[in-house]
Amino acid sequence: MHISVKCFATLTKHTPAGADRYEVADGATLADVLAALGVAPAEVKIVFVDGVAAALDAPVRDGCRVGIFPAVGGG
């Protein structure tokens with residue numbers, strides 16, 4: 001199945017080629033997607049699936065949009 005993946009801010013370096021149609025295995029979870037992209041869970045503050053925050057153990061569905069955000073500091 002295929003999903004759309006967008007990594008933001010300091011995680012953009014992990015955005016895969018073909019991010020609009022990124023192939024994942026049936027039954028894959030968000031944790032599986034992070035592992036495939038080489039993103040350590042500790043680097044991630046929040047993940048959205050189709051605009052809704054989701055836990056890393058949530059499964060992805062064919063055609064869903066995944067947004068991966070790091071913790072952002074400021075001051």
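**Salt bridges around Asp50**

The side chains of Asp50 and Arg61 form a salt bridge, with an N to O distance of 2.6 Å. Asp50 sits in the loop between strand E3 (44-49) and strand E4 (52-54), and Arg61 in the loop between E4 and strand E5 (65-70), so this contact ties together parts that are 11 residues apart in sequence. The model is a predicted one, and a search of the whole structure finds two salt bridges.

Arg65 also forms a salt bridge with Asp50, and here the closest N and O atoms are 3.7 Å apart. This pair links distant parts of the chain, since Arg65 belongs to strand E5 and Asp50 to the loop between E3 and E4, 15 residues apart. Side chains of opposite charge can pair when their charged atoms come close.

How exposed are the residues of the first pair? Asp50 has a relative accessible area of 28% and is partly exposed. Arg61 also counts as partly exposed, at 46% relative accessibility.

Strand E1 (residues 2-7) runs parallel to E5, and the two pair over four bridges. Within this pairing, Arg65 in E5 is the bridge partner of Ser4. E3 pairs with E5 in the antiparallel sense, over five bridges. Val47 stands opposite Ile68 in E5. In a regular strand the side chains alternate between the two faces of the sheet.

Note on methods:
Residues are numbered from 1 along each chain as its sequence is written. This is a predicted model: local features need pLDDT of at least 70, side-chain atom pairs count only at pLDDT 80 or more; totals for chains, interfaces and linings use all residues. Side-chain values use heavy atoms; hydrogens and water are left out. A salt bridge is a side-chain nitrogen of Lys or Arg within 4 Å of a carboxyl oxygen of Asp or Glu. Buried means under 20% relative accessible area, exposed over 50%, partly exposed in between (1.4 Å probe, protein chains only). Two strands pair if DSSP finds at least two bridges between them.
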